[in-house]
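This report is for a reader meeting the structure for the first time. Please look over the sequence and the 3D view before reading on.

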Amino acid sequence: MAFAPSKGKKHRRKEKEELMLNSMMDMMTIILLFLLKTMGSSGALLRPSPFVTLPTAAREREPEKTIAILVTPQGIFEDMERNPNVLSQPDELSDPENVVLSGLETFLVDQKQLTERLGKPFKGQVTVQCDKEVTYDWLLKVINTCGQAEYGTIDFVVLKAKT
Amino acid sequence: MAFKPSDKKKVEAQSTDLNLLPVMNLIICLIPLLLSVAKLSSMAMLEYLPPAEATESAAGESPLAEGGGETPATLQLLVNVTETGFQVSMYGKIEPGQYFFEIPLLPDGQYDFAALNKRLEEVKRREVGVATGIDSVMNDKTGKMDVFPTFRVKDGREVSITALGKTPFQIIVNTMDACRKYDAGGEETELFPIALLKQFQ
């Protein structure tokens, strides 16, 4: 003989079960606010270029994005996310007779004139993402060219050394 | 005759739960985006001021004070990065002694940045000494006055660095770091934070 069906089962109402999202929302909101605050205190966004391997240094100062260039073993480029414009070729950089890099100088002067046309104060500041394998003679040419174009402050982007 | 009660009164209040799913979706998209941007916290800035912007005390000036006194006016600290290691020179000296010494490469062929850092701390203590006063200069970026110590030698915070043309940038950065400060068991001492990159002579 079969057992009688349980009364509990028979009368159980199927209640609609909902996920309790409130606590998750609280957590997400806190994380979001924290990240927004972190970003806000970091100034303008500057992302490491995929075209360079940055050197490490024991520095703490946050980088700022001003007029930015990339110095790589393949030459000097305008800092762009994709297909950056070439400003100086390796041949020009390796030529010992070349002290000032014409392509880079033209770019920097153009940027300076653009800033002035827009009515912004010219700070003479350039941000350089320089590959760690770039040699000292190339580096001096970049510094010399920046100085020639009246850029008095050169900010090299580095990775913070782990202490 | 009384009016019939309104039908609306019998309507049961419906549950008005907020639909949080779209907000959750938005937040879940925003968090990875912000986390990817937060990578920049691993980046820092190495500020370099070309010699014209520095105090210009190291260039073309006699190392001795005016009037030929005993107290030197400028230290003229120079660190050469060579193939065999570091050469450190003061007061323009090139004869081996306390004002010119070399730090050879480590047995594995690497530069000995720790030894350079230690020797520069000795130089700072011996040749520059304690601060004799303070000075300030307007910082154009922040619009505030930067205050820094002054020493009995005018270039007590400067070091000139030269290297062979083929020296990688990472070595230059490490050399600048070694010249910048000395960490004595958690207590940091400023050495020569203003580095001037010059042509190898």
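What percentage of the 163 residues in chain A do buried residues make up? They make up 28%, where a residue is buried if 20 or more other C-beta atoms, placed from the backbone, lie within 10 Å of its own, exposed if 12 or fewer, and partly exposed in between.

## Basis of the model

This is a predicted model, in which local features need pLDDT of at least 70, side-chain atom pairs count only at pLDDT 80 or more, and totals for chains, interfaces and linings use all residues. Residues are numbered from 1 along each chain as its sequence is written, while chains are lettered from A and ligands numbered from 1 in the order in which they are written.

## Chain A

Chain A has 5 helices and 6 strands; helices (H or I, at least four residues) and strands (E, at least two) are DSSP runs, numbered from the N terminus. Read from the N terminus, the order of elements in chain A is α-α-β-β-β-β-α-α-β-α-β. Of the contacts in chain A between residues at least 6 apart in sequence, 62% join residues at least 24 apart; two residues are in contact if their C-beta atoms, placed from the backbone, lie within 7 Å.

Strand β2 (residues 67-72) and strand β3 (residues 75-78) of chain A pair in the antiparallel sense over 4 bridges, where pairing requires that DSSP finds at least two bridges between two strands. A hairpin with 2 residues joins β2(A) to β3(A). A:Val71 is opposite A:Ile76 of β3(A). On to strand β4 (residues 86-88) of chain A, β3(A) is joined by 2 bridges, and these strands run antiparallel. In that pair A:Phe77 is opposite A:Val86.

## Where the chains meet

Chain A gives 44 residues to the contact and chain B gives 36 residues. On the side of chain A that touches chain B, α2 (22-40), α5 (136-148) and β6 (153-160) of chain A each supply at least two residues. That side of chain A consists of 26 nonpolar, 6 polar and 12 charged residues. In this division Ala, Val, Leu, Ile, Met, Phe, Trp, Tyr, Cys and Pro count as nonpolar, Asp, Glu, Lys and Arg as charged, and the others, Gly among them, as polar.

Strand pairing also links the chains: β6(A) and strand β1 (residues 43-48) of chain B pair in the antiparallel sense over 6 bridges. A:Leu159 has B:Met43 of β1(B) as its bridge partner.

## The sheet of chain B

In chain B, 5 strands form an open sheet with mixed pairing, in the order β4-β3-β2-β7-β10. Its edge strands, which pair on one side only, are β4 (100-104) and β10 (194-198) of chain B. From one strand to the next the twist averages 20°; angles run from 0 to 180 degrees between N-to-C directions, and axes are lines fitted to C-alpha atoms, for helices over the stretch in contact.

Strand β7 (residues 158-163) of chain B pairs with β10(B) in the parallel sense over 5 bridges, and B:Ile161 is opposite B:Leu197 of β10(B). Helix α3(B) packs on the sheet and touches β2 (78-82), β7 and β10 of chain B, its direction making about 155° with that of β7(B). Not counting residues up to four places away in sequence, B:Ile161 touches several residues, including B:Val79, B:Ile172, B:Met176 and B:Leu197.

## Two helices of chain B

The axes of helix α2 (residues 113-128) and helix α3 (residues 169-180) of chain B come within 8 Å and cross at roughly 30°. From α2(B), the contact uses B:Phe113, B:Leu116, B:Asn117 and B:Leu120, and from α3(B), B:Asn174, B:Ala178 and B:Cys179. These residues comprise 5 nonpolar, 2 polar and no charged.

## The nonpolar core

The largest nonpolar core has 62 residues, and those with the most contacts inside it are A:Ile69, A:Val71, A:Ile76, A:Val128, B:Ile161 and B:Cys179. Such a core is a set of buried Ala, Val, Leu, Ile, Met, Phe, Trp, Tyr and Cys residues joined through C-beta atoms within 7 Å. Helix α3(B) gives the most to this core, with 6 residues.

## Single residues in chain B

Most residues other than glycine have a negative phi. B:Gln76 is not a glycine, yet has a positive phi of about 55°. B:Gln76 sits in the loop between β1 and β2 of chain B and is buried because 23 other C-beta atoms lie within 10 Å. B:Tyr91, also not a glycine, has a positive phi of about 55°. B:Tyr91 is in the loop between β3 (85-89) and β4 of chain B and counts as partly exposed because it has 17 C-beta neighbours inside 10 Å.
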